[in-house]
Amino acid sequence: MLSLWLWDLFILGETSSQAATPLRPPNVVMVIFDDLRPVLGAYGDPLASTPYLDDFARGSHVFTRAYSQQSLCAPSRNSLLTGRRPDTLHLYDFYSYWRTFTGNFTTLPQYFKEHGYYTYSCGKVFHPGLSSNNTDDYPLSWSAPAFRPRTEQFMNSPVCPDKEGILRKNLICPVELQTQPYKTLPDIESVAEALRFVESRKSRKREPFFLAMGFHKPHINFRFPKQFLSRFPLPQFFNYTEDSLKPPNMPAVAWNPYTDVRARDDFKHSNISFPYGPISRHQAAQIRQSYYASVAYVDDLFGKLMAGLDLENTVVVVLGDHGWSLGEHAEWAKYSNFEVALRVPLMIRSPQFPLSQTKFYHGITELLDVFPTLVDLAGLPALPPCKKDPQELTCGEGKSLYFQLMGLGLGDEHVALSQYPRPGMLPTKHPNSDKPKLRNIKIMGYSLRTDFYRYTLWVRFHAQNFSRDWHDVYGEELYDHRLDSGEEMNLVPLPEFDDVRQRLRRRLMEVVGSS
């Protein structure tokens, strides 16, 4: 294929002294941040403090409009790592393993392993538990058991000291490391292990490696070394958004009541009205401040990781698994089909396409695109598309970004498809409408992102056979990003947008039907 030919040219272009020693394919490092929306300096956020990610971006290809397939950890990660949509995997919660539930589909690390790479996982890559067979899909995806930091067991324990010294399960939890179990935190442990692994693979006699490094933060709770909080004065987060109430034309089914935020010890006694709140202005600013501080913390660790890599011989991709609402629409957390819950950073650095400054790509991109892109950048046989049979074991439903990196096809128009399930039309605690289990899912919201619009349709979903009824509609949303980047004004009730709405509905049904 073309990518193999170009990789050969890249190798042949090396100096004659290097040519005397046969060059091997590049190492590949994939870095995943949990719940990271693009609050980075490289993405133009003036409040961010991310010097290491910004420095990485200066030599990278940066995709400004990349989208997750579902704003929930396990479905998003399994989609990313298998190259399949949630509807193909039939995973919308945390409680099924695709190999036994749907199909024995090949994963991204497995593909590299089967083509001569040593594959290793550090931290949170697959979501732990049933959705990855309680093994992080070892041994099929990884050459050795995945590394899970020993402090991970305390992530949902009462480890946040309050003013009286009582340990709480708080949402906001800046800490002194010496007060924490083993005097460290999970992401610190994971980066140390990743660096140990990289050092151990430096012998040229060893096969190339594929390393996946998964950061837990900025996922809640916001537990981070407290010195990072000082970078972010609280007053600058009071006017982050003017939203304090649910937008009037938002369908109730679209709303996520942020149940996990409400359940934390420092919020559960705040008398936050269910389901629409709002959270107090002061607490809202504190959440935003802590989110940004959590990002700054993992940015610092990211810098340590990059310092240990040989970037001249390593392909690196950096991404978030989905976004997180910081008060937009008066919502918090993820669990929705809005831009803030689905848009993620995506940056690629490759020795084959070196850069001295950031190159931005503004076309629509999906996390599904990562699998075929990394395959092409490593010069491996191309991942075939799943066009003939979605049950084919080794194929992908995304597109390779390789040709865009070459400067080809930049004018092509693409769309992103995302989805989110609900147990009913109204937000509920039981069943939890933020995180419904498969047996409780009655409605599926499909969201189409085009260059100009986001169109979302909430329809009847039959969990017993994974079918949908397009005629049984529970909510419809249309937002024009040229005028309303915050998705505040639902245009569906306006008759002048009927033609656009109907055209996007047909397009959405086509995309869902072909996936």
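**Helices, strands and their terms**

Tutor: Helix 12 (residues 370–377) lies across strand 1 (27–33), strand 7, strand 9, strand 12 and strand 13, running at about 170° to strand 9. The model is predicted, with local features needing pLDDT of at least 70 and side-chain atom pairs pLDDT 80 or more, while totals for chains, interfaces and linings use all residues. Residues are numbered from 1 along each chain as its sequence is written, and side-chain values use heavy atoms, without hydrogens and water.

Student: What makes a run a helix or a strand?
Tutor: Both are DSSP runs, numbered from the N terminus: helices are H or I with at least four residues, strands are E with at least two.

Student: How do you know that strand 9 and strand 12 pair?
Tutor: Pairing requires at least two DSSP bridges. Strand 9 (residues 314–320) and strand 12 (residues 343–349) are joined by 4 bridges and run antiparallel, so they pair.

Student: In what order do the strands of the open sheet lie?
Tutor: The order of the 7 strands is 3-7-1-9-12-2-13, with mixed pairing. Strand 3 (118–123) and strand 13 (359–366) each have a single partner strand, so one side of each has no neighbour in the sheet.

Student: Why are helix 8 and helix 10 called roughly parallel?
Tutor: Angles run from 0 to 180 degrees between N-to-C directions of axes fitted to C-alpha atoms, for helices over the stretch in contact (heavy atoms within 4.5 Å). Under 35 degrees counts as roughly parallel. Helix 8 (residues 186–200) and helix 10 (residues 281–307) pack at about 10°, so they are roughly parallel.

Note on methods: Parallel < 35°, antiparallel > 145°, perpendicular 65-115°, else oblique.
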